[in-house]
Amino acid sequence: MPSTHLRAAVVGTGGIARGIHLPALAGLADEIDIVAVVDIDAARAREVADEFGVPDVYTEVDAMLAASRPDLVVVATPPGAHKDATIAALDAGAWVWCEKPPALSLADYDEMAAHEGDAGPYASYVFQHRFGSAARRLRRHVEEDTLGAMRVAQCHTLWYRNDAYFEVPWRAKWATEGGGPTMGHGIHQMDLALSILGDWTEVTAMMGTLARRTETEDVSAAIVRMASGAMCVMTNSLLSPRESSLLRFDFDDATVELEHVYGYDNSHWRWTPADHVDPAAAAAWQPDTDEASSHAAQLRVLVDAFRRGERPPASGADGRRSLELIAGMYKSAILGRPVRRDELTADDPFAQAMHGGDPDAATRAFRKGAVLV
């Protein structure tokens, strides 16, 4: 693979690109040249390009790909535009780093994956919470079985969004966001949890639109059975005034907890040994470096994978796992029954769309019994 600078382009110049992605790319200036930005709003694109010293501005992805020939395309658009931009970039030979949620459905995800090559290019997705040092250390404990068997877990995304937040036209609509907090907010913590817990086998979920006037849910809750036999309780809320992201993993020999909101470092984690564990042994459990979860941390891993020509984390089957669980949660909540992972075959209606084919019926089901003011 090339030892020269990677040529990177950013599609979408809204808040996530301007505030997060472009600074992360600029932070790797010794390895990456930002060669172009794309946005349907040409004036905004030019303003952002000037701010970050980007030479070329486009309003169409295809024109940018043909002229700028990037090695890496960052897709930072609203979710409804992820699929087309990702496929176009892959077909042009560029690797992709796409914001969450990866796609509006499992069918869309699989269509995008079909445009990858056997040896690349690959599409990877923004799940930056996997990449903090404490999460990496915990995954190593699981791989090495140093904490004993996993038994019980919790994964809660308890955030708050007021009515004004949903005035952005694409938010909380089936056609453009694919779902509510389960899809667009809790997916970060759920992906982190699944990166530690592994595959799931069955989910039972409930969802409701309790307070916000949206097409989708504003709260969801689920019980998930893992392939390991462990069980995990998950909650996703946009109605929680004291915001918190909470994860807890109970092993035979330890409880490991994380509480943060939008990002963590080692100080946000707590490692508690069981009474029978030697304190000296437990002292060695914690990570020996302190790297915060961040887009920059994931980007460094992605660039390293590009240099080696290897599939990066949070791509392929590894990037699909959380989206598949979300599809199972919607199916369970809408049909009112447990859902097995092996039900979500390619022809399942909930693989085609999170609402299962009837968005109006899903909206009515989630609003049932709610008091909207």
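**Helix faces and a nonpolar patch in a predicted model**

Valine 233 lies in strand S10 (residues 231-237); strands here are DSSP E runs of at least two residues and helices H or I runs of at least four, numbered from the N terminus. The model is predicted, so local features need pLDDT of at least 70 and side-chain atom pairs count only at pLDDT 80 or more, while totals for chains, interfaces and linings use all residues. Residues are numbered from 1 along each chain as its sequence is written, and side-chain values use heavy atoms, with hydrogens and water left out.

Valine 233 is partly exposed, at a relative accessible area of 38%; buried means under 20%, exposed over 50% and partly exposed in between (1.4 Å probe, protein chains only). Together with Ile223 and Met231, Val233 makes a nonpolar surface patch of about 230 Å².

Ala17, His21, Leu22, Ala24 and Leu25 are buried in H1. These residues cover an arc of only 155° around the axis, which puts them on the same side of H1; the arc is taken from the directions from the helix axis to the C-beta atoms. Their cover includes strands S1 and S2 and helix H10, where contact means heavy atoms within 4.5 Å.

In helix H13 (residues 359-367), the buried residues are Ala362, Thr363 and Phe366. Viewed down the axis, they fall within an arc of 100°, so they line one face of H13. Asp360 and Arg364 are exposed on the other side, while the buried residues pack against strand S8 (200-208) and helix H11 (316-335).

Technical notes. Patches are made of residues with over 30% relative accessible area and no salt bridge: like charges are joined within 9 Å, nonpolar side chains (Val, Leu, Ile, Met, Phe, Trp, Tyr) within 5 Å. Accessible areas come from the Shrake-Rupley method with a 1.4 Å probe; for residues, only the protein chains shown count as cover. A salt bridge is a side-chain nitrogen of Lys or Arg within 4 Å of a carboxyl oxygen of Asp or Glu.
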